[in-house]
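Subject: Structure for your review

Dear colleague,

I am passing on a structure for you to look through, followed by my notes on what was found in it. Please read the notes with the model open beside them.

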Amino acid sequence: MRVADAGGLIPGQWGSEGADASTAVQNGESTLTQVASRLGIPLEDLVNANPQIANPNGLTAGMEVRIPLSAQGGRAAGSVESDAPDPNIATSKRMENSLEAAAMRTLLSSPMDTSSGSVSHAHFSALGSGGITQEPPVADPLRGEGYSPQLKKELTETLNALYQRPEFKALSQDEKSALLQSLAGNPPVTPEKISKMFDLINSATSLSPANHKLVMEAFKAGHANPAYAASLKKLIEDPEFKSLTNAEKTAVLSQVKNYPDAKTIGNIERMLRKDWFQTQSLGDKQRSLKTIAAFSHNQKGDRKIIDNTLDKLLDPKSDFDLEWKKYDKRDRPYGEADNDTLYLNKGIIRAGNDPIIENKTTNHLALNTVGHEINHLVNDDKVGDTFDYFNAEYRAWYVGFKAEHGRPPSNQEAMEQRIRWQFDPESAYGATSAGALKHPSQAQKLFDFLGKMTGLKVDAHNWRDVVYKSDPATWPTKASTPAAPPAGNDDNR
């Protein structure tokens with residue numbers, strides 16, 4: 001049995017594994033200085049990596065900014081290692097002495113908007129599309145926007161007390177700065193947040209410097225949430241995580257940072273125990289990590305379907321596997337299900353430790369196809385010239401749609417995005433639908449299905465007109481009405 005989510009075959013080349021990382025200019029940023037401050041990298045490196053930006057002080061929101069290799073864990077292009085003294089070291093040492101005070105001034109003494117007297121979300125927007133949402137912090141710690149006088153006073157007192165604690169003084173300068181920004185950007189600073197923060201730092205001491213830095217960045221990305229910090233600590237202390245290579249740990253921590261919530265961490269931790277994950281190449285591990293993280297983190301999707309799907313794939317007792325498959329240019333489905341295995345197209349999701357580069361195609365695979373194909377495996381669907389197989393394909397599509405969008409499709413969406421495709425002789429499903437239409441009993445079930453969707457009387461003489469020519473605006477059922485659920489398991493339970 002082989003059941004594919006073709007969804008329309010995918011033209012062209014997807015995935016450039018050697019592509020440089022980049023970031024989008026966020027609302028409120030207009031200069032490379034501000035972008036460098038957000039990323040925590042030297043301004044000079046960022047300027048050198050972006051020669052295409054003629055005016056570094058005239059950025060607009062959404063503009064792409066390249067991140068230098070040195071900030072991605074490697075040396076900048078053209079650099080060489082040298083034992084010669086660095087003329088900037090003396091300056092750096094002097095800067096270290098004032099870093100702590102500067103961090104406090106930056107966080108707590110910046111001009112602020114006190115018009116509302118409360119924390120504002122106005123300067124932030126949810127990043128990404130297709131449901132891969134990054135929750136914004138409650139205030140901008142680098143600009144001071146959104147802090148009321150009372151909140152600023154409370155933050156100052158709390159962080160000053162934290163600053164005097166011996167365990168805080170023992171941290172590196174980078175750790176101090178990162179933690180101050182994380183806590184100040186996500187008030188209130190509670191004892192639980194501080195306690196979980198120190199627990200996390202203690203667990204990360206055995207990691208490489210680069211991975212330790214990723215943990216600090218993840219804590220910030222998780223908005224100092226104590227439950228998230230506790231889940232991250234649990235992951236770091238997991239024997240399966242400890243057994244990974246350094247590069248594999250980097251891959252895991254990168255996606256924990258890219259898709260920051262406790263549930264996502266838990267699903268990644270479960271995946272580390274699966275045989276199919278352990279035997280994958282590093283590149284396929286990176287694909288699996290970012291895909292499962294994005295699917296788990298989809299805040300717009302149907303949570304029941306998402307959780308059921310992940311249980312079916314990640315539960316210790318599950319026999320389902322995940323494999324990444326290379327397809328040729330003529331046959332490029334998003335994925336397929338066969339012999340208890342979910343196959344996904346490795347040409348769509350590139351390897352690497354960046355988040356998924358979001359577009360219609362990558363979002364469909366990560367947020368939709370996973371649920372779609374697991375539905376085929378759960379129902380043990382068999383390809384055949386029958387209405388049951390027609391319904392199975394519609395059902396899997398319906399489940400994937402809800403997993404991605406968090407709602408059932410409308411009658412019009414179901415017809416235009418799926419049913420026409422299943423009847424299309426040029427599609428992967430056209431031959432089986434044509435076969436079913438040759439059998440009167442199977443054909444009548446198809447006509448009844450179309451009639452239920454449109455409210456029209458459908459028979460052997462007009463079904464083509466109903467599918468390809470009828471105007472949804474004139475359907476008795478109304479085009480915007482949610483499409484009827486398919487028969488069978490429609491939530492991957």
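Is T341 buried or exposed? T341 is buried, with a relative accessible area of 6%, where buried means under 20% relative accessible area, exposed means over 50% and partly exposed lies in between, with a 1.4 Å probe and protein chains only. The residue lies in strand β6, residues 341-345, and, leaving aside its neighbours within four places in sequence, T341 is in contact with D321, E323, E336 and L377, a contact being heavy atoms within 4.5 Å.

Some words on the basis of these notes. This is a predicted model, in which local features need pLDDT of at least 70 and side-chain atom pairs count only at pLDDT 80 or more, while totals for chains, interfaces and linings use all residues. Residues are numbered from 1 along each chain as its sequence is written, and side-chain values use heavy atoms, with hydrogens and water left out.

The chain as a whole

The secondary structure of the chain comes to 21 helices and 6 strands; these are DSSP runs numbered from the N terminus, with helices being H or I of at least four residues and strands being E of at least two. Of the 493 residues of the chain, 49% count as buried. Among contacts between residues at least 6 apart in sequence, 70% join residues at least 24 apart. The accessible surface comes to about 23000 Å², and 52% of that surface belongs to carbon and sulfur atoms; the areas come from the Shrake-Rupley method with a 1.4 Å probe, and for residues only the protein chains shown count as cover.

Helix α1

In helix α1, which covers residues 32-39, L32, V35 and A36 are buried. Seen down the axis of α1, these buried residues fall within an arc of 100 degrees, so they line one face of the helix; the arc is that of the directions from the helix axis to the C-beta atoms. Their cover includes β2 (22-24), α2 (43-48) and β3 (64-66). Just after α1, G40 takes a positive phi of about 70 degrees.

Backbone points in the loops

The loop between β5 (335-338) and β6 holds N339, and D340 is found in the loop between β5 and β6 as well. Phi of N339 is near 50 degrees, a positive value in a residue other than glycine, and phi of D340, also a residue other than glycine, is positive at near 65 degrees. N339 is exposed, with a relative accessible area of 60%, whereas D340 counts as partly exposed at 38%. Elsewhere, the peptide bond from P187 to P188 is cis, with omega near 0 degrees, and P188 has its place in the loop between α6 (173-184) and α7 (191-203).

The cavity and a pocket

The structure holds 1 cavity of 30 Å³ or more, and the volume of the largest cavity is about 40 Å³. On a 1 Å grid over the protein atoms alone, a cavity is a set of points where a 1.4 Å probe fits but cannot get out, a pocket is an open set with protein on both sides within 12 Å along at least five of seven lines, and lining residues have an atom within 4 Å of a point. Grid points are joined across faces, edges and corners, and a volume is the space filled by probe spheres set on the points.

Which residues line the largest cavity? They are G384, T386, Y389, F390, E393, Q422, Y429, T432 and S433. The elements that give two or more residues to this lining are α17 (387-405) and α19 (430-437), and the largest share, 3 residues, comes from α17. By class, the lining has 3 nonpolar, 5 polar and 1 charged residues, where Ala, Val, Leu, Ile, Met, Phe, Trp, Tyr, Cys and Pro count as nonpolar, Asp, Glu, Lys and Arg as charged, and the others, Gly among them, as polar.

V383 has its place in the loop between α16 and α17 and is partly exposed, with a relative accessible area of 44%. The C-alpha atoms of V383 and T432 are separated by 7.9 Å, although the two residues are 49 residues apart along the chain.

The second largest pocket has a volume of about 330 Å³. Of the 13 residues that line this pocket, the closest to its centre are K360, H364, N368, E404 and Q417. At least two lining residues are supplied by each of α16 (360-379), α17 and α18 (411-423), and by class the lining of this pocket has 3 nonpolar, 6 polar and 4 charged residues.

With kind regards
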